[in-house]
Amino acid sequence: MLITRVAFFRRGTQKMNEMKLIITGATKGIGKSIALLLAARGYHLLLCARTGEDLNALHTEITVKHPDCTVEIYPADLAQRSDRERLISQISEAHTYVDVLINNAGIYLPGNLLEEDAELIEKSLRLNLLAPYYLSRSLFPLLKSSSRPQIINIGSVGGLKPLKGGGTYSITKYAMKGLSDNLRLELKEFGIKVTTIHPGYTWSDSWKGADLPRERLMEPTDVAKVVCCALDLGKSAVLEEVVLRPVMGEFD
Ligand SMILES: NC(=O)c1ccc[n+]([C@@H]2O[C@H](COP(=O)([O-])OP(=O)(O)OC[C@H]3O[C@@H](n4cnc5c(N)ncnc54)[C@H](OP(=O)(O)O)[C@@H]3O)[C@@H](O)[C@H]2O)c1
C-alpha cells in the first residue's frame, strides 16, 4: 500500500546540536515504548509507521506530555521501495544530520518452511532485512554528519536460535544480526556505533488474543531501557549485542 500523505513536521523549531533519532515502527509495542521513553528525555524524534492516524495520535500524546519535544511523523510502508525512497528524501531534505537510526519495524509471520507459501519469506525479508539495509545505507551521509552516530537494530532471540513454527522470521532475524555485525565492521572508522538488541517474547499488539499469562512476557519498556543504555555509553564504547529474555525464558 502506497501512502502519499505528506509528513507533518515543524521546520524552524530545530535547536543546534539537539539529539535527533529516527524510530521505525514507532506507533505500537516496542517502538512506541522507545518513542515515549526518548520523548521524556526531550530528544527530537522522527517517527515512522504505515498508519497516519496512529502517527498523529502519538504526535499528540508526546507533544501534550512533553511540549519541548520536537516530533516529526512520516507515514511510510518500509517494505515498499517507493515509500522508503520518499521517506529518505524527505528526511534528507529537512535535515543536515541524524544521530540515531533505530530499525524497529518488523513482522512475524508464522509458518513451517516446507509448507508455507514462499511469499512469506519474501514479505518478511522486505521489512525485517531490506528496510534496515536500505535505510542504513541511504542515511549514512546524515549519520556521518552527527557527532554521536548510532544504528540500533531490534532483532530477536529468533536471530540466535531456530524458532519452532517461525522459521522464516528466525531466518530474517539471523540475517539482521549479520547486517548489524557487518555494518559495525564497516562503519567503525566513521565512529558510527551499531547495536543489536535481541528481545525474547515481549508484550505488544502482536500478542493480543494469545492465551498466555502476561507475566511470561517482558514489557516493551524493558527493551526501551536497553536502547537508553546503548545511547548513554561514552564515545569510546559500543553496546554491540544484548539478549533480553523474560525471566522464565521462552515457552517451548
Ligand atoms: N513482541 C515480541 O515478542 C518481539 C520479540 C522479539 C523481537 N521483536 C521485534 O521487535 C520489533 C517490534 O515488534 P512489536 O511486537 O513491538 O511490533 P508491533 O506491536 O506489531 O508493532 C509494529 C510497528 O511497526 C509498524 N509497521 C509494521 N509494518 C510496517 C511497515 N511495513 N512499514 C513501516 N512500519 C511498519 C507498525 O505500525 P503500522 O502497522 O501502522 O505500520 C507498528 O508501529 C520487531 O522488529 C519484532 O520482530 C518483537
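Predicted model: local features only at pLDDT ≥ 70, side-chain atom pairs only at ≥ 80, totals over all residues.
Okay, let's start in the sheet: strands β5 and β6 (residues 193-199) run parallel and pair over five bridges. By "pair" I mean that DSSP finds at least two bridges between two strands.

Residues are numbered from 1 along each chain as its sequence is written.

Back to the strands. Ile151 has Val194 as its bridge partner in β6. To get from β5 to β6, the chain goes through helix α6 (residues 167-187), and this β-α-β crossover is right-handed. That means that, with the strands pointing away from you, the path from the first strand over the helix to the second runs clockwise.

β5 also pairs with strand β4 (residues 100-103), again in the parallel sense, over four bridges. There, Val100 sits opposite Gln150.

So is β5 buried or exposed? Five of its five residues, 150-154, are buried, so the strand is largely enclosed by the rest of the structure. Buried means 20 or more other C-beta atoms within 10 Å of a residue's own, with C-beta atoms placed from the backbone; 12 or fewer is exposed, and in between is partly exposed. Gln150, Ile152 and Ile154 point one way, Ile151 and Asn153 the other.

Next, the largest nonpolar core. It has 52 residues, and Ala35, Leu45 and Leu47 touch the most other members. A core like this is a set of buried Ala, Val, Leu, Ile, Met, Phe, Trp, Tyr and Cys residues joined through C-beta atoms within 7 Å.

Then there's Lys20, in strand β1 (residues 20-24). Why does Lys20 count as buried? Because it has 21 C-beta neighbours inside 10 Å. Leu47 is 27 residues from Lys20 in sequence and 11 Å away in space, C-alpha to C-alpha.

Last stop, the ligand. 31 residues surround it, and the closest are Gly25, Gly29, Arg50, Thr51 and Gly106. Here a residue counts as near if its C-beta atom, placed from the backbone, lies within 6 Å. Two elements give two or more residues to that shell: α1 (29-40) and β2 (44-49). The largest share, three residues, comes from α1.
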